[in-house]
Amino acid sequence: MATARGASPATRQGVHLVEAAAIAAGAIALAAVLGPHEAQIAAMTAIFALAGVGLNILVGYTGLVSLGHVVFFAIGAYGWARLTESSSVGLALLLPILVSLLVAGVIVLVTLRVVGYYFGITTLAIGLLSVVVVQNATPITGGYAGISGIQQIAVPGFVGPGQVLVMAGLVLAVAYYLQSSLRESPLGAAMLATRFDVPASQSLGVSVARVRLLAFMISSVPVTIAGAFLAQLVHYIGPDQMSMETSIRLIAIAIIGGRGWRWAPVLGAVVVVTLPELLRPLAEYRLVFYGVALAFVALFMPRGLNQIVTWAGGRIHALRGSTG
């Protein structure tokens, strides 16, 4: 999982491409061998990992903590549910993305002068407002009853949740590669500069407002697509799926995984989504699990799971050195 230090950009890109291919191959293999229930959990994990890519870009690269990205989740889910009733699959995916980009731009313009905790609280208010809209815009969202009977993208050779797992896995692989490439691009460097030292980045000519606008808009795209896959997976979308718990899940994936680390969305989703699903009898304590996990990371593992992987890699390297 670690790219060799000092490796050339071409080598790093090659590593990222291989890792993305492994993610896609893993999703297809799991869809082929897992039963319906296990495939459902794996597909849910891939969906939230895809959404986690967006939060990892925003939180990990720019340091902006958003609790309002559930609004993009809702745009993707309800957009897919409504548009597939009368339009093509391409339009059902593309139009919600364009709407999300527009909404993201508006949110950044509104919150341009808000930073730190105040930015998080403002986005939390936006997330809560989106839930109210979902509950009351009945002609579009179905209100409290939601929308059922949502169709899936057909994938030859697979059925049910396996279809969603394959499609979500393929899109996750592409998003993973683009996320890794973005970090090494000039825009990614500007994002990281604004995260660690805003005055210094401004002195180097970086437009903080422009960088944050781009980061917020880019981060909205994978979350929107993830919402569309969630609607397909459960064949239903309603206000309960756009709750505060979903907002916490999205942000927890990036933080627990190790914000800014390219594997954070995948490994964070395994901890935040897969583990609670496997511990189903303890489902009512799910928020407690998220709270304890976030507190543990904040106190003892500021780099999340990346810290464990780095430590384990160092130990293996030391053992090889002592026996070589």
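**Helices, surface and backbone**

Modeller: Leu95 is partly exposed, at a relative accessible area of 36%; buried means under 20%, exposed over 50%, and partly exposed in between (1.4 Å probe, protein chains only). This is a predicted model, where local features need pLDDT of at least 70, side-chain atom pairs count only at pLDDT 80 or more, and totals for chains, interfaces and linings use all residues. Residues are numbered from 1 along each chain as its sequence is written, and side-chain values use heavy atoms, with hydrogens and water left out.

Biologist: What accessible area does the nonpolar patch with Leu95 have together?

Modeller: Leu95 sits in helix 4 (residues 89-110); helices are DSSP runs (H or I, at least four residues) and strands too (E, at least two), numbered from the N terminus. Patch residues have over 30% relative accessible area and no salt bridge, with nonpolar side chains (Val, Leu, Ile, Met, Phe, Trp, Tyr) joined within 5 Å and like charges within 9 Å. A salt bridge here is a side-chain nitrogen of Lys or Arg within 4 Å of a carboxyl oxygen of Asp or Glu. Leu91, Leu94, Leu95, Leu98 and Val99 make up the patch, and their accessible area together (Shrake-Rupley, 1.4 Å probe) is about 400 Å².

Biologist: How far apart in space are Val106 and Leu213, C-alpha to C-alpha?

Modeller: Val106 also belongs to helix 4. Val106 is partly exposed, with a relative accessible area of 45%. In sequence, 107 residues separate Val106 from Leu213; in space, C-alpha to C-alpha, the separation is 9.3 Å.

Biologist: Why is helix 2 largely enclosed by the rest of the structure?

Modeller: Count the buried residues. Helix 2 is largely enclosed because its buried residues number 23 of the 27.

Biologist: Which residue has a positive phi although it is not a glycine?

Modeller: Most residues other than glycine have a negative phi. In the loop between helix 10 (208-234) and strand 2 (236-237), a phi of about 60 degrees belongs to a non-glycine, His235.
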